Number of protein chains: 2
Amino acid sequence: MRDDKLRNDVNTQMYYAKQGIITPEMEAVAESEYLEPSFVCNEVAIGRMVIPANINHKNISPIGIGINARTKINSNIGNSSVSSNIESELEKLYASIKYGADTVMDLSTGGDIDLIRQKIIDASTIPIGTVPIYQALEGVESIEDLTEDILIDMIEHQAKQGVDYMTIHAGILLHMMPIVSKRLMGVVSRGGAILAQWMLHHHKDNPLYTAFDRILDIARKYDVTLSLGDGLRPGCLADASDAAQFAELKVLGELTKMAWAKDVQVMIEGPGHVPFDQIEMNVKKQIEWCHEAPFYVLGPLVTDIAPGYDHITSAIGATMAAYSGAAMLCYVTPKEHLGLPDLNDVKEGIIAFKIAAHAADVARHRPKARERDDSLSRARYEFDWNKQFELSLDPEKAKAMHDETLPQEVFKEAEFCSMCGPKFCAYKISKNVQEMGSTEDNK
Amino acid sequence: MRDDKLRNDVNTQMYYAKQGIITPEMEAVAESEYLEPSFVCNEVAIGRMVIPANINHKNISPIGIGINARTKINSNIGNSSVSSNIESELEKLYASIKYGADTVMDLSTGGDIDLIRQKIIDASTIPIGTVPIYQALEGVESIEDLTEDILIDMIEHQAKQGVDYMTIHAGILLHMMPIVSKRLMGVVSRGGAILAQWMLHHHKDNPLYTAFDRILDIARKYDVTLSLGDGLRPGCLADASDAAQFAELKVLGELTKMAWAKDVQVMIEGPGHVPFDQIEMNVKKQIEWCHEAPFYVLGPLVTDIAPGYDHITSAIGATMAAYSGAAMLCYVTPKEHLGLPDLNDVKEGIIAFKIAAHAADVARHRPKARERDDSLSRARYEFDWNKQFELSLDPEKAKAMHDETLPQEVFKEAEFCSMCGPKFCAYKISKNVQEMGSTEDNK
């Protein structure tokens with residue numbers, strides 16, 4: 001699909017899929033997901049799967065995001081005006097790819113945003129997402145100075161650069177503001193808050209909503225997947241599943257249909273902070289109201305009381321969300337609510353979300369999902385320590401933890417570890433038991 | 001209940017509860033759980049709640065474990081022959097109490113086990129659990145040398161010392177061994193593996209089962225709560241919910257009835273490693289087969305591929321288990337499968353499980369469970385950083401993470417952090433929006 005002849009006003013995977021044309025991207029997805037290419041093509045055609053791959057992102061390895069694919073995870077990187085350094089953002093990109101992020105969002109809001117993004121796109125084999133309103137705001141004095149043209153021009157600028165998917169907060173509308181004023185935490189989405197202030201100042205509706213058709217034209221030209229943002233996502237348990245959140249979700253469902261009519265690929269973004277018992281309901285509602293467009297959730301965090309550990313509070317919610325039908329999980333790092341994540345926070349966030357995504361894939365019985373668990377367990381039971389490390393999500397850490405007490409090479413085949421010691425190792429005893437037990441069976 | 005006149009052959013909370021006598025322990029539990037004392041008394045009488053409080057554990061603050069109480073968490077401490085030091089085990093006890101463990105199990109298997117345990121009991125205000133077979137095995141040459149009398153004597157010895165609850169693997173039986181031999185990981189419970197080997201060697205049934213009546217007499221005298229161990233808990237996803245596991249669970253249900261007939265308090269231990277989609281089924285089955293005796297689960301881990309992060313894999317499963325009806329969660333540390341946890345591992349394990357227990361309590365709408373979330377969120381939205389830290393599960397860590405980028409005292413009231421910087425802080429913008437939005441409402 002990279003031919004110049006295709007560089008016309010419609011270049012989306014959905015456009016081809018609707019005609020039954022299986023693109024190289026669909027074939028690549030089919031292979032990595034153990035699915036039939038025709039099945040992938042149909043999923044993309046009906047909007048249940050997206051393949052975010054901007055025609056200008058040259059070295060991308062396409063992935064499919066949707067309920068019938070492996071659960072994906074996204075890592076957020078990018079600087080802020082308080083903390084900014086191109087090299088450290090590139091390091092975060094490389095760490096994201098190394099530890100298994102499926103996509104990366106560059107959320108830079110400070111420094112040379114254009115340069116950082118270009119470097120990230122050039123270096124990345126995985127899809128890159130952005131939130132164009134951030135850079136638009138950097139270019140003006142204050143929120144009120146934003147205009148429809150500034151926003152649309154920025155979307156086009158980033159689309160040309162090769163951004164694969166963009167968060168567009170087109171569903172937050174003026175009439176929802178009175179409900180928001182009653183919330184404990186108001187609007188915690190940055191994009192949502194910016195647009196809310198803009199709307200109230202100008203007393204006009206959201207320009208991303210009123211000019212949605214212009215956005216679609218750009219998206220269909222470069223095949224930018226629209227990630228319809230939840231500007232009204234709850235920022236604490238108390239605000240979860242409220243009227244504001246669901247009013248916006250309803251609008252996102254309508255925008256989805258508009259996008260599909262123009263062959264534009266769409267994901268829907270979701271909360272946030274949600275009590276564990278409300279997660280399945282949230283996912284089911286999104287699936288119904290947004291016509292099965294892939295659900296891309298942030299966490300959700302299942303409690304507010306653990307700053308410093310929000311990779312865990314959110315991995316719990318993310319597992320439940322993916323099990324209930326979410327297609328992609330946006331990671332949360334331990335530094336959430338406290339500061340800009342550093343390289344180690346990025347790694348911790350990714351591992352926590354690899355766990356969540358994989359646990360959900362196993363629970364949903366996705367093809368071959370459990371094979372790695374079984375291989376690792378077999379190695380564990382056979383005291384093949386090196387193989388156990390190798391199959392781990394984080395081999396270096398597993399090895400380092402083991403080696404804290406038993407560093408010598410000889411213990412890599414030892415039939416125990418320091419947890420129980422040799423006499424109390426259940427696996428060791430159990431091997432005798434299994435031999436004796438199978439004899440028992442023949443009696 | 002601490003009077004000497006009560007030191008007869010039956011001193012259990014259940015004994016008094018069945019007569020409608022509200023003990024000081026029940027009153028203390030009622031107060032801390034926001035329940036009526038008569039309700040607690042009834043829960044204990046029917047076995048749906050236990051109050052583990054050995055009559056010889058003098059300085060204990062009683063807690064209630066059961067589906068109608070706050071979800072409890074247990075921290076495992078104790079040395080192994082490879083790694084042993086009394087002081088560091090006491091430090092783990094203090095850390096467990098500081099970070100909010102509700103009970104502690106001393107699983108020591110090396111060094112001066114008696115002395116370590118006595119020091120732990122004397123120092124602990126929370127219930128202490130043990131697995132008596134570990135010390136029994138330390139006293140003999142090999143597993144085959146264990147006898148019924150050695151096991152019973154050890155249980156009595158530890159009961160006299162003041163142990164509040166004991167894991168007794170009385171449900172693993174000889175006839176289950178052939179099924180076990182087909183497992184990927186056999187018997188991964190240490191107690192279970194020891195008994196399995198003993199049974200196969202002697203070709204006799206489990207002495208903890210055949211002499212269960214003798215154990216009950218000891219338990220009823222000192223009010224030791226029996227924690228009926230799942231010797232056949234699965235050690236990997238592949239072995240979860242198999243015939244061996246459920247055959248044992250059935251026996252544990254029968255033993256529960258025997259214990260209740262003698263007024264002995266009972267919990268049931270549960271897995272282990274379980275795919276996320278099987279957790280609710282496991283809990284429901286336990287509730288039914290064990291007549292609502294409190295379920296005390298280890299994790300469960302929802303994937304096997306993350307050694308070094310098993311506090312996370314298990315916190316995910318634990319949340320689901322508690323949400324489904326488990327009463328107590330045994331923590332798993334990052335060091336699980338790799339080595340003996342150190343002080344930091346203990347802390348990480350406890351925080352992860354505080355998150356799981358609390359998230360489940362919120363999801364189950366337990367009285368006042370969400371108040372702390374709302375208070376913290378309010379402090380967060382008001383940029384009251386110090387109050388936010390104070391309400392956190394780990395205030396030091398939250399503060400340290402925030403201070404990495406903005407250490408100066410002035411930033412403790414700053415209306416932003418380094419994540420987004422001042423211009424992009426959603427909370428700051430949102431406060432304007434809420435003011436403007438409420439005006440909108442009055443139009």
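Buried here means under 20% relative accessible area, and the model to which this cut-off is applied is a predicted one.

Q: How many of the 21 residues of H15(A) are buried?
A: Helix H15 covers residues 343-363 of chain A, and its end C-alpha atoms are 30 Å apart, which agrees with the span of 30 Å that 21 residues should have at 1.5 Å a residue. The helix is largely enclosed by the rest of the structure, because the buried residues among its 21 number 19.

Q: What is the area buried between chain B and chain A?
A: The size of an interface is often given as the accessible area lost when the parts come together. Here 121 residues from chain B and 121 residues from chain A take part in the contact, and in chain B the residues that lose the most area to chain A are Ile305(B), Tyr309(B) and Phe424(B), together 9% of what that side buries. Carbon and sulfur atoms give 68% of the total buried area, which is about 10,000 Å².

Q: Which residue of chain B forms a salt bridge with Lys335(A)?
A: Between chain B and chain A there are 24 residue pairs in polar contact, and the rule finds two salt bridges across the interface. In the salt bridge of Lys335(A), the closest N and O atoms are 3.0 Å apart, and the partner is Glu404(B).

Q: Which residues have the most contacts inside the largest nonpolar core?
A: The largest nonpolar core has 270 residues. Leaving aside neighbours within four places in sequence, the residues in contact with Leu226(B) include Met166(B), Phe212(B) and Val264(B). Those with the most contacts inside the core are Met177(A), Leu226(A), Met177(B) and Leu226(B).

Q: What is omega for the peptide bond that joins Gly299(A) and Pro300(A)?
A: Most residues other than glycine have a negative phi, and most peptide bonds are trans. Pro300(A) sits in the loop between strand E9 and helix H14 of chain A. The bond joining Gly299(A) and Pro300(A) is cis, with an omega of about 0°.

Q: Where does phi of His203(B) lie?
A: His203(B) belongs to the loop between helix H9 and helix H10 of chain B, and is partly exposed, with a relative accessible area of 42%. This residue, which is other than glycine, has a positive phi, near 50°.

Conventions
Residues are numbered from 1 along each chain as its sequence is written. Chains are lettered from A and ligands numbered from 1 in the order in which they are written. This is a predicted model: local features need pLDDT of at least 70, side-chain atom pairs count only at pLDDT 80 or more; totals for chains, interfaces and linings use all residues. Side-chain values use heavy atoms; hydrogens and water are left out. Helices (H or I, at least four residues) and strands (E, at least two) are DSSP runs, numbered from the N terminus. The expected span of a helix is 1.5 Å times one less than its number of residues. Buried means under 20% relative accessible area, exposed over 50%, partly exposed in between (1.4 Å probe, protein chains only). A nonpolar core is a set of buried Ala, Val, Leu, Ile, Met, Phe, Trp, Tyr and Cys residues joined through side-chain atoms within 4.5 Å. Contact means heavy atoms within 4.5 Å. Buried area is the accessible area (1.4 Å probe) that two parts lose on being put together, summed over both. A salt bridge is a side-chain nitrogen of Lys or Arg within 4 Å of a carboxyl oxygen of Asp or Glu. A polar contact is a pair of N or O atoms within 3.5 Å; within protein, one must be able to donate a hydrogen and the other to accept it, and residues adjacent in sequence count only if both atoms are side-chain atoms.
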